[in-house]
Amino acid sequence: MTFSVHGLAVARGIAIGRAVLVASSRVDVAHYFVEPSQVEGEIERVRQGRNAVVEELQRLQTDMPADAPHELTALLDVHLMLLQDEALTGGVKHWITERLYNAEWALTTQLEVIARQFDEMEDEYLRERKADLEQVVERILRHMKGVASPVAPPASSPRRKTQQDLLLDDTVDVPLVLVAHDLSPADMLQFKQSVFAGFVTDVGGKTSHTAIVARSMDIPAVVGARAASQLVRQDDWVIIDGDAGVVIVDPSPIILAEYGFRQRQVELERERLARLRHTPAVTLDGHKIELLANIEQPGDAAAAVRAGAVGVGLFRSEFLFMGKTGNLPGEDEQYRAYCEAIDGMQGLPVTIRTIDVGADKPLDNKAHKDNYLNPALGLRAIRWSLADPAMFRTQLRAVLRAAAHGKVNLLFPMLAHTHEIQQTLAQVDLARAELDARGEPYGPVQLGAMIEVPAAALMVRTFLKYFDFLSIGTNDLIQYTLAIDRADEAVAHLYDPLHPAVLRLVGDVIAEGERQGKSVCVCGETAGDVTMTRLLLGLGLRSFSMHPAQILAIKQEVLRADTRKLAPWAQQVIGGEEPAALLVS
Ligand code: PEP
Ligand code: MG
């Protein structure tokens, strides 16, 4: 039966594929396809893992002291029974043989299938056996870690098939879409080179960092779809409409055909836009507009260059630090990563933002949840860096050294106080002095501040006194101006880039930058939103930084714009009570 689930549209396009449900706790399992010739080997790996766990549990049973509680022996019996159960072993075999999933993926997929059956049981005792099953699978996975897969996971892009292919071939090699309750930004990053053609999560806001990474992958995604992970079943056919924020489950052939058609239209539009790649971004009245890329990893530089970006406007360096479980990258490792990004940009400038962890970007996936009541207002971004100056200077030294290899700008997130600015700049001086003392070469950098909190926007003149350039982080500026958690889908309807208060702050910062002859960029999601381009141009913005995938669509808007007409109109829009209504006029 066809039904739909509504969420928030975060990454454009249409994906059609079979659902892969992934429990939040198991997203770190590798997901890749094996060759048919490797099927037996994968089944054998699971068999060996399972046999090892059986032996382990049997040993525990034998060594059990005579006075051990009866519950303990009963529990071991249950675990052994689950291990031998055909539902588990047969199911895993099915996913490997029929779908060519690698062993770990097959095992966790079958875990989800059986767990769902347990959830639906009337009997409470039986329902609770789900936890036992999870433990058993966890043990098998642990054993399998020691037995490497005979095949390396291919770093392939998602397999995209046409509508015709889908109808003809319904077994292996079909596109897959990932459905999960929650994915952290680091989880999402892990799927960057994966087999998935689309994403759906129950939670998350439009500008949550998970959504941002999904967008940077340029594949359709819907977040905040509430109960999607409970309503969708493993292997269901699913359509993700990333433009409308809708997930259609078990679509009828007519709906499938309609979306297949729309999918092809999106492809054609992309091909058309690709012709603008080498066209300079100049407005009708001759203003040259800088279109820059936001990247999360050094490897993203290639996509930025391909999209025709004239530099990187925001390298979110925190993604180098995330998911490292305690082992933060040292100076040399960071230096190499920054150099890789610089080399990747082939002589174009790279703006590296210092680490911005905290809020919805935890350093460690496992530890973040509910640590603080208001993590977005807590020890985040520059506050975190200034709280650990040695760590901060390690990053600063790495960036300064990398600046000897190409044009680098250094950007600081979430500054709000003058004393924070002064401390930050003092740390830069100290980092330079440390490099001097070591005799280590380093390069010149332009220093910039992000305008992300209303306090910073309101004291823009002070900021301009200290910095060479500014970059407006509208994602956070909106969050903090309107007191809306950007990652919370429950208040997503109140998250409004067109709120008059937000627009006035943005307009004032751009105007002050222009007055003082200093560059102001917008690097929040607003910069990549085609419905905002004319307004931002009218407000005087000349530098936009966004996901590479958005650059050509924004360029198209720039090419059609005449700032002489847009400037008075933009003042009218931001002066009104309801800018959204005026925007369409
Ligand atoms: C912003 O806040 O707009 C921004 C670009 O930074 P981030 O999204 O990483 O918080
Ligand atoms: Mg921010």
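The model is predicted, so local features need pLDDT of at least 70 and side-chain atom pairs count only at pLDDT 80 or more, while totals for chains, interfaces and linings use all residues. Residues are numbered from 1 along each chain as its sequence is written, chains are lettered from A and ligands numbered from 1 in the order written, and side-chain values use heavy atoms, with hydrogens and water left out.

On the cysteine side, zero disulfides (pairs of cysteine sulfur atoms within 2.5 Å) turn up in the whole structure. For C521, the nearest cysteine sulfur belongs to C523 and is 5.8 Å away. C521 is buried at a relative accessible area of 5%; buried here means under 20%, exposed over 50% and partly exposed in between, with a 1.4 Å probe and protein chains only.

Aromatic pairs come to 12, counting rings of Phe, Tyr and Trp (its six-membered ring) with centres within 6.5 Å; planes under 30 degrees apart are stacked, over 60 edge-to-face and the rest tilted. Y101 and W105 have ring centres 3.7 Å apart and planes at 0 degrees, so they are stacked. Both belong to a cluster linked by ring pairs, which also takes in F33, W95, F191, F196 and F199.

As for charges over rings (NZ of Lys or CZ of Arg within 6 Å of the ring centre and within 35 degrees of the ring normal), the charged end of R401 sits over Y335, 4.2 Å from the ring centre. R534 lies over the face of W569, at 4.7 Å from the ring centre.
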